Amino acid sequence: MISSVYDSTIIELPKIHNIAGNITAIDNADKMVPFDVSRIYYLYDIPGGESRGAHAHKELQQLIIAASGSFDITLDDGKTKRTFNLSRPYLGLYMPSGLWRELDNFSSGAICLVLASHCYSEQDYIRDYGDFKVFREKL
Ligand code: TYD
């Protein structure tokens, strides 16, 4: 499938309310996430004014959650850009493969939790925007 920024959606995750603090659980069996999760990683201690991302993935699909704090994610399919603000730990942004992404405007103490469809592979990255445009034109 050729992904566009409109294939990216916010998924509302279940929230177990508790006066002592809430819980959100994500389970492959529940099919809440549109892929099987192979890897989880998280970004933290992000200095003020820093930006992350600036790459695309050929195959990797991801669900990104602001586990703490907030940040913006701008997606780009080579034609259209779309920016999402994430600020709730029960909302995840589903990102199909093949989109350029940039993350910025991190709040102090923000934690960017990422559920990924594959294990880490540098071969899956496109880190040059010109290469990304060529990749999109070949799709
Ligand atoms: P990268 O994905 O480029 O960071 P970001 O999108 O957050 O700006 O990864 C930064 C570095 O960390 C890069 O050298 C690869 C390494 N890395 C791993 O070794 N394993 C991982 O699972 C990830 C996500 C990154």
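Tutor: Start with a definition: a disulfide is a pair of cysteine sulfur atoms within 2.5 Å. Keep in mind that this is a predicted model.

Student: How many disulfides does a search of the whole structure find?

Tutor: The search finds zero disulfides.

Student: Is Cys 112 buried or exposed? And Cys 119, buried or exposed?

Tutor: Buried means under 20% relative accessible area, and exposed means over 50%. Cys 112 has 1% relative accessibility, so this residue counts as buried. Cys 119 has 55%, so that one counts as exposed.

Student: Now the ligand. Which residues surround the ligand?

Tutor: Among them are Leu 43, Gly 53, His 55 and Tyr 120. The shell around the ligand divides into four nonpolar, two polar and three charged residues.

Student: Which polar side-chain atoms lie by an oxygen atom of the ligand?

Tutor: A polar contact is a pair of N or O atoms within 3.5 Å. A polar side-chain atom of Arg 39 is 2.4 Å from a ligand oxygen, and one of Tyr 125 is 2.6 Å from a ligand oxygen. For Arg 127, a side-chain N or O atom lies 2.9 Å from an oxygen atom of the ligand.

Student: How much of the ligand does the protein bury?

Tutor: Taken alone, the ligand exposes 530 Å², and the protein buries 62% of that.

Student: Which elements give two or more residues to the shell?

Tutor: Those elements are β2 (39-43) and β3 (52-57).

Key:
Residues are numbered from 1 along each chain as its sequence is written. This is a predicted model: local features need pLDDT of at least 70, side-chain atom pairs count only at pLDDT 80 or more; totals for chains, interfaces and linings use all residues. Side-chain values use heavy atoms; hydrogens and water are left out. A residue is near a molecule or strand if one of its heavy atoms lies within 4 Å of it. A polar contact is a pair of N or O atoms within 3.5 Å; within protein, one must be able to donate a hydrogen and the other to accept it, and residues adjacent in sequence count only if both atoms are side-chain atoms. Accessible areas come from the Shrake-Rupley method with a 1.4 Å probe; for residues, only the protein chains shown count as cover. Helices (H or I, at least four residues) and strands (E, at least two) are DSSP runs, numbered from the N terminus. Ala, Val, Leu, Ile, Met, Phe, Trp, Tyr, Cys and Pro count as nonpolar, Asp, Glu, Lys and Arg as charged, and the others, Gly among them, as polar. Buried means under 20% relative accessible area, exposed over 50%, partly exposed in between (1.4 Å probe, protein chains only).
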